[in-house]
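User: I have a structure open here. Can you take me through some of it?

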Amino acid sequence: MATIAHELRTPLATLHASRELLAEYHTLSLEEVGQLVRRLQRGVAWLDCLSANLATWSAIETERLVLHRAPVPVDHWIGLALELVQPLLD
């Protein structure tokens, strides 16, 4: 459960930071608003993915799912993660 809580904190913190910045939309350019909206969309997608992963994990634990290993392009996922946490870094 601690791992799940930790995994949820990053996208939630990013969503909160983006939401707070959007609340000051009158001081932001249209481009900055667009960037924040895209980050919010990615954060929601990340939470959707985490939710799906939890369902998959449950299926694995109950032996209802068989895993098949395959290589994945790690640089793609690192780039997405960096984009997501950029508001926190800024």
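Analyst: Below are some notes on a helix pair and a loop residue. This is a predicted model, where local features need pLDDT of at least 70, side-chain atom pairs count only at pLDDT 80 or more, and totals for chains, interfaces and linings use all residues. Residues are numbered from 1 along each chain as its sequence is written, and side-chain values use heavy atoms, leaving out hydrogens and water.

User: At what angle do H1 and H3 pack?

Analyst: Helix H1 (residues 2-23) and helix H3 (residues 74-89) pack at about 55°, and their axes are 9 Å apart. Helices here are DSSP runs of H or I with at least four residues, numbered from the N terminus. The axes are lines fitted to C-alpha atoms over the stretch in contact, with angles from 0 to 180 degrees between N-to-C directions.

User: Which residues of H1 make the contact?

Analyst: Thr 10, Pro 11, Ala 13, Thr 14, Ala 17 and Ser 18 do, against Leu 84, Val 85, Pro 87 and Leu 88 of H3. Contact means heavy atoms within 4.5 Å.

User: Is Thr 14 buried or exposed?

Analyst: Thr 14 is buried, with a relative accessible area of 0%. Buried means under 20%, exposed over 50% and partly exposed in between, using a 1.4 Å probe and protein chains only.

User: New topic. Where does Glu 63 lie?

Analyst: Glu 63 lies in the loop between helix H2 (30-61) and H3. Glu 63 counts as exposed, at 73% relative accessibility.

User: And what is its phi?

Analyst: Phi of Glu 63 is near 60°, a positive value in a residue other than glycine. Most residues other than glycine have a negative phi.

How values were computed:
Helix = DSSP H or I, 4+ residues; strand = E, 2+ residues; numbered from the N terminus.
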